[in-house]
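Hi,

Here's the model I promised to pass on. Have a look at it first, and my notes follow below.

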Amino acid sequence: MKNQFKTYSYYFILLFLFWIILSQRFTLEIALIGAGAVGLIMLYSKKLLFTPEETTLYNPGKILIFVKFIFIMLIEILKSNWQVAKIVLSPSLPISPTFVKIHKTFEKDFDKVIFGNSVTLTPGTLTVDIDEEGFLVHALTTEAAEGLEDSIIEEFVRKLEAE
Amino acid sequence: MIVNAIILILLLSSAFFFAVGTLGLLRMPDTYTRMHASTKCDTLGAGLALLAIAVYSGFSVISIKSIIVIAFIWITNPTAAHIIAKAKYHSEKKEEARQ
């Protein structure tokens, strides 16, 4: 019960802030309509909300780690784009596509999603499939495949996962 | 003046990355490698264009909105790429099993 209350209040704050940003001004009328709409949305999508068992982001300490992770991802995205641009623009097209299986798995689905999406956004790798054993990743070059073994993403997702 | 220069640089690099993404789509040999080019470059291209809007409108609700749009694009784009790659992988597997 207490956990459920935590989940609902977290979503309420998040969705209400989003509503205020969309409506561009703050009056009593808008706040009331927003509160009603947010309540209805939460009632309708009750099953979609993340419970504390599914994600560790309800912990304020984790949010700081997450923000730091976002900044590191920004730099990785810039690097990845630069690399892909170099490969695409070079006349010989130096690619050596391979499939690699990464034997790493995370307990929570939320962390799996973060890891998979981050791998897709970083240099030369693309998450293809996920199963119980790990992630199937397609790499544009063999160097990119080797770089995945001990990446900074895994370090951060492990930190997020830890209780 | 300086703000205009920043906006110009952002828009030009956005156009550059979109062009590279499209060129990659045309030059790469198969589905997976094409996904590499189109996901990465489209993410940064759209991100830079929206960042240019954010810089242009200064500190206002519009810039917050465009940053939220960037966040949504950066969550959904890799997910879509993953789904396309997964569909391709599984249909290939099925094809192999049939033969």
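Domain bounds here come from an automatic or database domain assignment. For chain A that assignment gives domain 1 (2–48) and domain 2 (60–161). The centres of the two domains of chain A, taken over C-alpha atoms, are 33 Å apart.

Some housekeeping: this is a predicted model, so local features need pLDDT of at least 70 and side-chain atom pairs count only at pLDDT 80 or more, while totals for chains, interfaces and linings use all residues. Residues are numbered from 1 along each chain as its sequence is written, and chains are lettered from A and ligands numbered from 1 in the order in which they are written.

Now the interface. Counting residues as in contact if their C-beta atoms, placed from the backbone, lie within 7 Å, chain A puts in 23 residues and chain B 27. On the chain A side, helix H3 (60–89), helix H4 (109–121) and strand E2 (125–130) each give two or more residues (helices, H or I with at least four residues, and strands, E with at least two, are DSSP runs numbered from the N terminus). H3(A) has the largest share, seven residues. By class, that side of chain A has 13 nonpolar, nine polar and one charged (Ala, Val, Leu, Ile, Met, Phe, Trp, Tyr, Cys and Pro count as nonpolar, Asp, Glu, Lys and Arg as charged, and the others, Gly among them, as polar).

H3(A) packs against helix H1 (residues 2–27) of chain B at about 50°, with the axes 9 Å apart (axes are lines fitted to C-alpha atoms, for helices over the stretch in contact, and angles run from 0 to 180 degrees between N-to-C directions). The two helices are therefore oblique to each other (under 35 degrees is roughly parallel, over 145 roughly antiparallel, 65 to 115 roughly perpendicular, and the rest oblique). From H3(A), Asn81(A), Val84(A), Ala85(A), Val88(A) and Leu89(A) make the contact, and from H1(B) it is Phe17(B), Val20(B), Leu23(B), Gly24(B) and Arg27(B). Those residues split into seven nonpolar, two polar and one charged.

Last, the sheet in chain A. Three strands make an open, antiparallel sheet in the order E1-E3-E2 (strands pair if DSSP finds at least two bridges between them). Strand E1 (98–102) and E2 of chain A are at the edges with a single partner strand each, so one side of each has no neighbour in the sheet. E2(A) pairs with strand E3 (residues 135–139) of chain A over five bridges, and Thr127(A) sits opposite Val137(A). H4(A) lies across E2 and E3 of chain A, at about 145° to E2(A).

Cheers

Technical notes. Two residues are in contact if their C-beta atoms, placed from the backbone, lie within 7 Å.
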